[in-house]
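Here is a protein model to talk through together.

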Amino acid sequence: MRYNRREKTGGKQSQVSLSPLKAAELSTLPFAQRLTCTIDDACEVTGLGRTKLYELIGAGRIVTITIGRRRLIVVRSLLALLETNMSN
């Protein structure tokens with residue numbers, strides 16, 4: 001797995017690569033063991049649309065954190081929401 005990044009000086013690209021073992025660990029981590037996920041990941045896992053997820057976030061039923069401009073969903077809150085709905 002390779003990531004390209006631009007350096008601040010000159011716009012030249014340097015490549016940063018993860019070891020194959022580390023890349024495999026990232027891709028095989030079970031969803032329930034992750035700390036956070038993106039909105040797109042949550043949509044894929046739950047089958048809900050982005051609009052519904054943002055409604056649940058606005059209502060305080062799903063906890064998110066924002067780092068910079070990136071919003072991440074706390075997986076525990078997503079699992080708790082699903083468990084609550086399954087028990088009803």
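Q: Which residue of strand 5 does Cys37 stand opposite?
A: In this predicted model, Cys37 stands opposite Ile73 in strand 5. Cys37 itself has its place in strand 3.

Q: What makes strand 3 and strand 5 a pair?
A: The criterion is at least two bridges between the strands. Strand 3 and strand 5 are joined by 2 bridges, so they qualify as a pair. The two strands run antiparallel.

Q: What lies between strand 4 and strand 5 in their hairpin?
A: There are 2 residues between the two strands, and Gly68 in the turn has a positive phi of about 65°.

Q: In what order do the strands of the open sheet come?
A: The open sheet has 3 strands in the order 3-5-4, with antiparallel pairing.

Q: Why are strand 3 and strand 4 said to stand at the edges?
A: Strand 3 (36-37) and strand 4 (64-67) each have a single partner strand, so one side of each has no neighbour in the sheet.

Q: What does helix 4 touch when it packs on the sheet?
A: Helix 4 touches strand 3 and strand 5, and its direction makes about 50° with that of strand 5.

Q: Why is Cys37 called buried?
A: Buried means under 20% relative accessible area. Cys37 has 1% relative accessibility, so it counts as buried. Its contacts, leaving out residues up to four places away in sequence, are Phe31, Ala42, Leu72, Ile73, Val75 and Leu78. One of these, Leu78, is 41 residues from Cys37 in sequence, with 9.7 Å between the C-alpha atoms.

Q: Why does Cys43 count as buried?
A: Cys43 comes in at 14% relative accessibility, which is under the 20% limit, so the label buried applies to Cys43 too.

Q: What makes Val75 buried?
A: Val75, which lies in helix 4, has 0% relative accessibility and therefore counts as buried. Beyond residues up to four places away in sequence, Val75 touches Phe31, Ala32, Arg34, Leu35, Thr36 and Cys37. Val75 and Ala32 are 43 residues apart along the chain, yet their C-alpha atoms are separated by 6.9 Å.

Q: Which residues have the most contacts inside the largest nonpolar core?
A: They are Cys37, Ile39, Ala42, Leu53, Ile62, Ile73 and Leu78, in a core of 13 residues. Helix 2 (39-46), helix 3 (50-58) and helix 4 (75-87) are the elements that give two or more residues to this core. Ala42 shows how the pieces come together: apart from residues up to four places away in sequence, it touches Cys37, Gly47, Leu53, Ile73 and Leu78.

Q: How many helices and strands does the protein have?
A: There are 4 helices and 5 strands. From the N terminus on, these run β-β-α-β-α-α-β-β-α.

Q: What share of the residues in the protein is buried?
A: Of the 88 residues, 20% are buried. The accessible surface comes to about 6900 Å², with 53% of it belonging to carbon and sulfur atoms.

Q: Among contacts between residues at least 6 apart in sequence, what share joins residues at least 24 apart?
A: That share is 34%.

Note on methods. Residues numbered from 1 in each chain as written. Predicted model: local features only at pLDDT ≥ 70, side-chain atom pairs only at ≥ 80, totals over all residues. Heavy atoms only, no water. Core = buried A, V, L, I, M, F, W, Y, C linked by side-chain atoms within 4.5 Å. Buried < 20%, exposed > 50% of the residue type's maximum accessible area, 1.4 Å probe, protein only. Contact = heavy atoms within 4.5 Å. Areas by Shrake-Rupley, 256 points an atom, 1.4 Å probe, with all protein chains shown as cover. Axes fitted to C-alpha atoms, helices over the stretch in contact; angles between N-to-C directions.
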